[in-house]
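The questions below ask what stands behind each label given to this model. Each answer sets a value against its cut-off.

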Amino acid sequence: MGPPPDDSVTLHSSWRGIVLNSSGALLVLAAGLWAVSGGGVNVISVIILLMGMALVAVVLFDYPLATSFSADGLARRMMLRHQHIDWNRIDQLSRTRPKLLASFRKIGHGGLVAVIGKRRYLLVDHCESRDEFKEIERITEDRADEIGLDEVPRPTKGTAPTWVYRRSKWAPDRPERR
């Protein structure tokens, strides 16, 4: 899977989300390994080890680092895989619930989610800027009703773009590498 098309917008997950989810999964895995090595193989230690392995697998194969929106559909990029989802498969775009401490940090909405049947695919773990949302609206204008984009809460004023802490190539004007 190559770079995103020129007529696309890419949203990035937060470094905080990537680091905390990875650390949490590795911590549970380490606890399971420690429990098995220290206490031997028993029901509790094996359950903790299996939970840690499952969490690490979810972070590696299903937690999005970035998602590109284009006329063809969505392209999710995870640590160890890429996934393309055509627009005709998506029933609805929605948002995650904001975090518990969102009111203290003045965060209005959570990240975007693609709903396919009963499954929800996380696209980005925090809210995008208004300009990024307008780009998504522009790209999906012919299918906005089908995916329920009109029902998705708009980003609040002053929300930083998702590319702020990324390399300059992700900025909207996409400067060439020097």
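A salt bridge is a side-chain nitrogen of Lys or Arg within 4 Å of a carboxyl oxygen of Asp or Glu. The model is predicted, and by that criterion Asp62, Arg76, Arg81 and Arg119 are linked in a network of salt bridges.

Q: Why is the pair of aspartate 62 and arginine 81 called a salt bridge?
A: The closest N and O atoms of aspartate 62 and arginine 81 are 3.3 Å apart. The cut-off is 4 Å, so the pair qualifies. Aspartate 62 is in helix α2 (residues 43-62), while arginine 81 sits in the loop between β3 (73-77) and β4 (82-86), 19 residues apart.

Q: What makes aspartate 62 and arginine 119 a salt bridge, and which elements does the pair tie together?
A: Their side chains meet at 3.3 Å, N to O, and the limit is 4 Å, so this pair also counts. Because aspartate 62 lies in helix α2 and arginine 119 in strand β7 (residues 119-122), the pair ties together parts that are 57 residues apart in sequence.

Q: Why are aspartate 62, arginine 81 and arginine 119 called partly exposed?
A: The class runs between 20% and 50% relative accessible area. Aspartate 62 has 21%, arginine 81 has 29% and arginine 119 has 40%. Each value falls between the two limits, so each residue is partly exposed.

Q: How do you know that arginine 143 and aspartate 142 form a salt bridge, and is each of them buried or exposed?
A: The closest N and O atoms are 3.4 Å apart, and the limit is 4 Å, so the pair is a salt bridge. Arginine 143 has a relative accessible area of 16%, under 20%, and is therefore buried. Aspartate 142 has 58%, over 50%, and is therefore exposed. A search of the whole structure finds eight salt bridges.

Q: How do you know that the length of helix α1 is close to what is expected?
A: Helix α1 (residues 15-39) has 25 residues and reaches 35 Å from its first C-alpha to its last. The buried residues of α1, among them Ile18, Ala25 and Leu29, pack against α2. Just after α1, glycine 40 has a positive phi of about 85°.

Q: How many helices and strands does the chain have, and what share of its residues is buried?
A: The chain has five helices and seven strands. Buried residues account for 39% of its 178 residues.

Key: Residues numbered from 1 in each chain as written. Predicted model: local features only at pLDDT ≥ 70, side-chain atom pairs only at ≥ 80, totals over all residues. Heavy atoms only, no water. Helix = DSSP H or I, 4+ residues; strand = E, 2+ residues; numbered from the N terminus. Buried < 20%, exposed > 50% of the residue type's maximum accessible area, 1.4 Å probe, protein only. Expected span 1.5 Å × (residues − 1). Contact = heavy atoms within 4.5 Å.
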